[in-house]
Amino acid sequence: EAEALGVRVLTENWFALVPGPAEMTAILDSLGGAVGLNFDFVNWSGPDKYDRLAGIAPYAEGCHAKCDFRGGVPDADDFRRCLELTRDAGFSGPHT
């Protein structure tokens, strides 16, 4: 229905539902381009966060450029690193 109405549907890397790049890219690839990716900075965490995000960044069509907070303070280093991931992947879509 969305396609018939000219609406582009995007999904995102949603916490444990899509825990890593292998699962995310498998979903997107299986849909044959019918659904795109809205890349979200804060939906994944942990020591391999940036590696996992780098694995899906090339698929991004949109980006939730959210800043993570540590103890009520914006984590500028994390935000900057996530922005660099989108740049390194050649992302040119909107950051919201």
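Predicted model: local features only at pLDDT ≥ 70, side-chain atom pairs only at ≥ 80, totals over all residues.
Which elements do the buried residues of α2 pack against?

Residues are numbered from 1 along each chain as its sequence is written, and side-chain values use heavy atoms, with hydrogens and water left out.

First, the layout. The chain has 3 helices and 5 strands. Helices here are DSSP runs of H or I with at least four residues, strands are runs of E with at least two, and both are numbered from the N terminus. From that end, the order is β-α-β-α-β-β-β-α.

Now the overall dimensions. The C-alpha trace spans about 45 × 25 × 25 Å along its principal axes. A compact globule of 96 residues would have a radius of gyration near 12 Å, and the chain has 14 Å, which agrees. That radius is taken over C-alpha atoms, and the globule rule is 2.2 Å times the number of residues to the power 0.38.

Next, the strands. Two strands pair if DSSP finds at least two bridges between them. β1 and β2 run parallel, joined by 4 bridges. Leu-10 stands opposite Gly-36 in β2. From β1 the chain crosses through α1 to β2, and this β-α-β crossover is right-handed. Right-handed means that, with the strands pointing away from the viewer, the path from the first strand over the helix to the second runs clockwise.

β2 also pairs with β3, again in the parallel sense, over 4 bridges. Here Asn-38 has Gly-62 of β3 as its bridge partner. The chain goes from β2 through α2 to β3, and that β-α-β crossover is right-handed too.

Back to α2 and my opening question. Its buried residues are Lys-49, Tyr-50, Arg-52, Leu-53 and Ile-56. Seen down the axis of α2, they fall within an arc of 160°, so they line one face of the helix. The arc is that of the directions from the helix axis to the C-beta atoms. Buried means under 20% relative accessible area, exposed means over 50%, and partly exposed lies in between, with a 1.4 Å probe and protein chains only. And the answer: the buried residues of α2 pack against α1, β2, β3 and α3.

Take Met-24. Leaving out residues up to four places away in sequence, Met-24 touches Thr-11, Glu-12, Asn-13, Val-18, Leu-37 and Ile-56. Contact means heavy atoms within 4.5 Å.

Last stop: the loop between β1 and α1. Phe-15 is found there. Its phi is near 40°, a positive value in a residue other than glycine. At 40% relative accessibility, Phe-15 counts as partly exposed. Leu-17 has its place in that loop as well. Is Leu-17 buried or exposed? At 68% relative accessibility, Leu-17 counts as exposed.
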